[in-house]
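Visitor: I am new to this structure. Could you walk me through it and tell me what the terms rest on?

Guide: Gladly; let us look together.

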Amino acid sequence: MHGEYKVPGGKLVVADLDVAGGVLADVRVSGDFFLEPDEALDAINAALTGLPATADTRVLAERVDAGLGPDAVLLGFSAQAVAIAVRRALARATEWHDHDWHLVHEGPQDPAMHMAIDEVLAVDVAAGRRPPTLRIWEWAKPCVVIGSFQSLRNEVDGEGAHRHGIEVVRRISGGGAMFIEPGNTITYSLYAPTSLIDGMSFADSYAYLDDWVLGAFNEDLGVRAWYQPLNDITSDGGKIGGAAQKRLATGSVLHHVTMAYDIDADKMLEVLRIGREKLSDKGTTSAGKRVDPLRRQTGLPRTEIVDRMVAHFRRRYGLVNDTLTANEQQAAADLVATKFGTAEWTARIP
């Protein structure tokens, strides 16, 4: 069995192993990490050998830590990373390059339609009707997107939303509210088989699925960015964006991210019931300022940032240009009519 785990912002850890009599056998850990002293690698392999194949990531990491002792130095990886690679080997997890990734980047859509497309494509990837896909969103109108489990009245000022013509929609993933203005945010979704994140906790998978974005920022956009657990992408200039995720029992994961390019903070405060202390972690301490980390830190037009992000993903994993099928468009339209465009769904938690 073979498993790999690329530590976000770190090194690759590889685990090759067998299972005999229900326990790990012939464990061989390798990778491009740094480890001192040399014999520490043998200690890692020995610590894992003989453990039950059912051992979870926590148990595996604890055994590695215990086997290494206090003098070992691990650079670019950790005992947790070794444990994840082992669990991915046992689960026969897939890697990014095992999949034929497709890109969907179409014209602006209404907010409810975006919510519906997310569900349709996640379901289709799970069913094998669509290959794993990266979708870049374009917005037809301003809106607030609230998380699946948020209270509508607690998150949104209804009078403020009505005054500014802001539509409110609810997505299928958890997490917090997002304030959207066309052209002022960058939103994308990944739809992938759950095999891509097998062996990872929710927390680990967030950073893993957005590692390519950090690569684009650091290598192509000149922004020193990193992941802030649980679900924030941040930089020296403050928070850039946040992620949310939904795992479908049928076998796919939906992972989507919204990043601020240049948002009107005054308007946002009139629409969202949000305190100044929360606004401060988005890169501003005054309601009179813009929430503009990407515009300010890159100095680039939004379209150029998106193009560089897509180009980075294409170089790293491959990407085939694609469009929504007629069936997908119709299925999404049906979901708008029956779910995402209805008051029953939007206000399901008043």
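Visitor: Which residues of helix 12 are buried?

Guide: In helix 12, the buried residues are Arg302, Ile305, Val306, Met309, Val310, His312, Phe313 and Tyr317. Buried means under 20% relative accessible area, exposed means over 50%, and partly exposed lies in between, with a 1.4 Å probe and protein chains only. Helices are DSSP runs of H or I with at least four residues, strands are runs of E with at least two, and both are numbered from the N terminus. Please keep in mind that this is a predicted model, where local features need pLDDT of at least 70 and side-chain atom pairs count only at pLDDT 80 or more, while totals for chains, interfaces and linings use all residues. Residues are numbered from 1 along each chain as its sequence is written, and side-chain values use heavy atoms, with hydrogens and water left out.

Visitor: How do you know that the buried residues of helix 12 line one face?

Guide: Look down the axis of helix 12: its buried residues fall within an arc of 155°, so they line one face of the helix. The arc is that of the directions from the helix axis to the C-beta atoms. On the other side of helix 12, Thr303 and Arg315 are exposed.

Visitor: What do the buried residues of helix 12 pack against?

Guide: Their partners are strand 6, strand 7, strand 11, strand 15, helix 8 and helix 11 (293–298). Contact here means heavy atoms within 4.5 Å.

Visitor: What makes arginine 308 and glutamate 304 a salt bridge?

Guide: A salt bridge is a side-chain nitrogen of Lys or Arg within 4 Å of a carboxyl oxygen of Asp or Glu. The closest N and O atoms of arginine 308 and glutamate 304 are 2.8 Å apart, so the pair qualifies. These two residues are four apart in helix 12, so about one helical turn separates them.

Visitor: What about lysine 239 and aspartate 232: are they buried or exposed?

Guide: Lysine 239 has a relative accessible area of 17%, so it is buried. Aspartate 232, at 19%, counts as buried too. The two form a salt bridge, with their closest N and O atoms 3.3 Å apart.

Visitor: Which residues are linked in a network of salt bridges?

Guide: That network links Asp262, Asp292, Arg295 and Arg296. Within it, aspartate 292 and arginine 296 meet at 3.0 Å, N to O. Aspartate 292 is buried at 7%, whereas arginine 296 is partly exposed at 40%.

Visitor: What makes strand 13 and strand 14 a pair?

Guide: Two strands pair if DSSP finds at least two bridges between them. Strand 13 (residues 232–235) and strand 14 (residues 238–248) have four bridges, in the antiparallel sense, so they meet that rule.
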